[in-house]
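Q: I would like to learn how to read a structure feature by feature. Where do we begin?

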Amino acid sequence: MNTNPAGNGEFGQRPATSGPIVPKTASEALRPEAGTPPPKRSRASRSQVVVFMNFVISLVMLMVLAAGVALYFGKQEFTEAGPSANGDTFLVKPNTGVQDIADQLERRGLISDARVFRLGVRAFGNDSALKAGEYEIKPRASMRDIMELLKSGKSVMYSLTIPEGLTVEQALERIAGEPALSGDMPATTPPEGSLATDTLRFTRGATRKQMVDKLLADQKRVVEDVWQRRAPDLPLANVEEFVTLASIVEKETGKGDERSRVAAVFLNRLAKGMRLQSDPTIIYGLFGGKGKPADRPIYQSDIQKPTPYNTYVINGLPPTPIANPGRAALEAVANPSKTDDLYFVADGTGGHVFAATLDEHNDNVARYRALQKKQADDAAKAANTTGAGDNTAKPADAGGGNGDGGGDAGAAQ
């Protein structure tokens, strides 16, 4: 047997020990021995600064992650269909901030979250790009759709029509009664005939004074333009007489193909020193700018009633226009038809028949009266009545039968 004292660990050899052998119990022999202990932490790793920086980095990463999630879902909500099934109009007043706009949209049920709208508008750099106005929000419009609409400034447009032949007073009543306009009416009433006949387009909040000022400016421009292109031989002293006659033509006929011929009749009469004998001037003399009530005919007694406007009584033109003439009536007076006509009377179909002589005119009047009588008889038969009228005040035969102002020029003899 090899008894190597060096303890080189060869098989069969017991390693040398440096101390006495202590016997172990069975439980001690089965107990696991302790492993190699970890290396001690450096002094730097135990620094409070390092611990804090680790916390900050973790917190920043968590915040970035949360912001990414919020951005994703916020973008989804900003671009998805909105909550309003029917849509609505929405008014943005001047100098309204994004926060107020967002809050109002949420209260109206047009968006789901004011904060998302506000942040979305700012994210797109449109904080100061939203414009005042009234907007039509479509059903299910997304927040982005609404932002783009308010950015575009495409407001809801309203219309206000001033028809040809209205008096200034009647036109001002329409402007005053338009609910989409704001502000008071002008303190001074414009002169008769000075307002343009037009359809005005405007956004809610435009002022009534702006409307009146525009109509005044437009009419002045139209009158000056047409007056500059007038025929050289008109028996009119100035532009005021020009507008006055155009207003009479406007009230006499609503048919475009008749205006220049009606104008020629009145201009021919002025040139010969004849009275105009226009029914609309009777009406204006009696009722002024308010206009004749729809159920009030012209009575025989009205024809000879003296007023400054009754051209059956006065010579020449009335002192002012009797309505606001449109461009077509102005054009007709500036460049009338070349005819010898001195008379016209209604034909019973909305138009007029013209005549150069009194005899021809009387024949036309007789035919018109016969037509009137036939129409009255037919109406009486249809209503099973006798057709008896008021014996105290008969409607005059003079008159063209086209409502408020159509008439004949020249009384039947």
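A: Begin with a salt-bridge network. Asp225, Arg229, Arg327 and Glu331 are linked in one. A salt bridge here is a side-chain nitrogen of Lys or Arg within 4 Å of a carboxyl oxygen of Asp or Glu. This is a predicted model, where local features need pLDDT of at least 70, side-chain atom pairs count only at pLDDT 80 or more, and totals for chains, interfaces and linings use all residues. Residues are numbered from 1 along each chain as its sequence is written, and side-chain values use heavy atoms, with hydrogens and water left out.

Q: How many salt bridges does the structure hold?
A: The structure holds 18. Take Arg327 and Glu331, whose closest N and O atoms are 3.4 Å apart.

Q: Where do Arg327 and Glu331 lie?
A: General idea: an α-helix has 3.6 residues a turn, so residues three or four places apart point the same way. Arg327 and Glu331 are both in helix 12, four residues apart, about one turn of the helix. Helices (H or I, at least four residues) and strands (E, at least two) are DSSP runs, numbered from the N terminus. In helix 13, Lys374 and Asp378 are also four residues apart, about one helical turn. Lys374 forms a salt bridge with Asp378, with 3.1 Å between the closest N and O atoms.

Q: Is Arg327 buried or exposed, or in between?
A: Buried means under 20% relative accessible area, exposed over 50%, and partly exposed in between (1.4 Å probe, protein chains only). Arg327 is partly exposed because its relative accessibility is 40%. Glu331 is partly exposed too, at 24%.

Q: Which residue forms a salt bridge with Glu250?
A: Arg259 does, with the closest N and O atoms 3.9 Å apart. Glu250 counts as buried, at 8% relative accessibility. Arg259 is buried as well, at 14%.

Q: How do I read a nonpolar core?
A: In soluble globular proteins, nonpolar side chains tend to be buried together. A nonpolar core is a set of buried Ala, Val, Leu, Ile, Met, Phe, Trp, Tyr and Cys residues joined through side-chain atoms within 4.5 Å. The largest one here has 30 residues; Leu236, Phe242, Leu245, Phe266, Leu317, Leu330 and Val333 touch the most other members. Helix 7 (208–228), helix 8 (239–252), helix 9 (259–272) and helix 12 (327–334) each give two or more residues to this core. Apart from it lies another core, of 21 residues, among them Phe117 and Tyr135.

Q: What does Leu330 touch?
A: Contact means heavy atoms within 4.5 Å. Leaving out residues up to four places away in sequence, Leu330 touches Val222, Val223, Val226, Phe242, Val243, Ala246 and Pro325.

Q: Which residues make the nonpolar surface patch?
A: Patches use residues with over 30% relative accessible area and no salt bridge; like charges are joined within 9 Å, nonpolar side chains (Val, Leu, Ile, Met, Phe, Trp, Tyr) within 5 Å. Val49, Phe52, Met53, Phe55, Leu59, Leu62 and Met63 make this one, about 730 Å². Accessible areas come from the Shrake-Rupley method with a 1.4 Å probe; for residues, only the protein chains shown count as cover. Leu62 sits in helix 2 (residues 48–79). Leu62 is exposed, at 53%.

Q: Which residues of helix 13 are buried?
A: His361, Asn362, Asn364, Val365, Tyr368 and Ala380 are. Their cover includes strand 5 (343–346) and strand 6 (352–355).
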